[in-house]
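Thanks, everyone. Let me put the model up, and then we'll walk through it from the overall fold down to single residues.

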Amino acid sequence: MTILYLFRSSGTGHSIEHLFDTIRCEIEEAGIQTKAVRLPHISRGVRTVWQNLRFVKQLTASVFHITGDVHYLALALPASRTVLTIHDCSLLKNNRHRPLRYAIFWLFWYYLPIRRAGVVTAVSGKTRQELLRYVGPIAHKVKVVPNACDPTLMASPGVFYHAKPILLQIGTAPHKNLPSLIAAIEGISCTLVIVGPLTKEIRAELHQRQIDFRQYVDLSREAIVQLYTACDIVTFVSTYEGFGMPILEANAIGRAIITSDVSPMREVAAEAALLVNPTNIPAIRAGISRLIHDDIYRQHLIEEGLRNAQCYTVELAAHRYQSLYEQGCPSLSAQPVI
């Protein structure tokens, strides 16, 4: 019996693939054979989508698990043996004012794949609620399996640099709300470390507000972990997320984090982050200032974070997925339980 994990093509990100690679290893520890396959093409048009569909049609496995935002693969796989994980509804949200693109994504990335796949999971209750709103009653079949924290992220106590703390920002997409963060820290003595590409407008904003910043792109996983370890505070005031992995990553490393008081960030963070309204720049500024100057509160958040990260272990996620695989391939039930 083999579980086949389908990963996005190289060049479309690696965080989801890293997450499911850790889950895959945990599943193998339970005595179940697994494989991981990357798609040959980035989904950039009808031709590449068709080529990816033809590619997966030739694959063999007991259960197929679609792990990234290539949901349309479910259309070429055996329905009852396909597990589809949906991280968010950003493709629909971002194209809501472009009717043709919205219709294509709605039909081929969400409605038909959800209808066809034997098992569909969402990484948060918020994503499940969005699916119900976008595609209707067929989303009642969606089960919530929260993401897991990377087990390689270990607590790394550090000395807080009060004079000029390092703020780490993971991601620069529009929903990451970088302009509000930049406005909020204007005049605060700090260094902003940004992971992700910058537009000319964002770069100009950084210079205009005289923000001391460093920017990185295309970092390895090891390099990102080093940035977490080297920072003093993690900033994550997104306006939209499907889950919010940087919250758990900051928790696991032992760094204070400021995040948005909106779902699903508030649920993932629980008591382990300073929550603010992401549209309120003075509130973001006040939150960051408190994390810099209130040592007792900052340490409280760090301790809560270490506890929170333990609620999202790979072992727990793997156990939940194994149960779902057994629905798609009942003979797996004979395998040892994690």
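Start with contacts, meaning heavy atoms within 4.5 Å. Take the contacts in the protein with a separation of 6 or more: 63% of them are accounted for by residues 24 or more positions apart.

A word on the source. This is a predicted model, where local features need pLDDT of at least 70, side-chain atom pairs count only at pLDDT 80 or more, and totals for chains, interfaces and linings use all residues. Numbering runs from 1 along each chain as its sequence is written, and side-chain values use heavy atoms, with hydrogens and water left out.

Now the overall build. We have 13 helices and twelve strands. Those are DSSP runs, numbered from the N terminus: helices are H or I with at least four residues, strands are E with at least two.

How does the radius of gyration fit a compact globule? For 338 residues, such a globule would come near 20 Å, and the protein has 21 Å, which agrees. The radius is taken over C-alpha atoms, and the globule rule is 2.2 Å times the number of residues to the power 0.38. Along the principal axes, the C-alpha atoms fill a box of roughly 60 × 45 × 35 Å.

Next, burial. Of the 338 residues, 54% count as buried. Buried is under 20% relative accessible area, exposed is over 50%, and partly exposed is in between, with a 1.4 Å probe and protein chains only.

Charges. There are 34 positive and 27 negative side chains, and the centres of the two sets lie 11 Å apart. Lys and Arg count as positive, Asp and Glu as negative; His and the chain ends are not counted. Each charge is placed at NZ of Lys, CZ of Arg, CG of Asp or CD of Glu.

How many disulfides? With the rule of two cysteine sulfur atoms within 2.5 Å, the count is zero. C190 is in none; its nearest cysteine sulfur, in C231, is 12 Å away. C190 is buried, at 5% relative accessible area. For C311, the closest cysteine sulfur is in C149, 11 Å off, too far for a bond. C311 is partly exposed, at 48%.

On to the backbone. Which residues are joined by a cis peptide bond? S263 and P264, with omega about 5°. P264 sits in the loop between β11 (256-260) and α10 (265-269).

The loop between α10 and β12 (274-276) holds A270. A270 has phi near 55°, positive in a residue other than glycine. A270 is partly exposed, at 36% relative accessibility. Q210 also has a positive phi, near 55°, and is not glycine either. Look for Q210 in the loop between α7 (200-208) and β9 (212-216). Q210 is exposed, at 73%.

Last stop, V145. Buried or exposed? V145 is buried, at 3% relative accessibility, although it sits in a loop, between β6 (143-144) and β7 (166-170). Leaving out residues up to four places away in sequence, V145 touches T121, A122, V123, A317, R320, Y321 and L324. H41 is 104 residues from V145 in sequence and 27 Å away, C-alpha to C-alpha.
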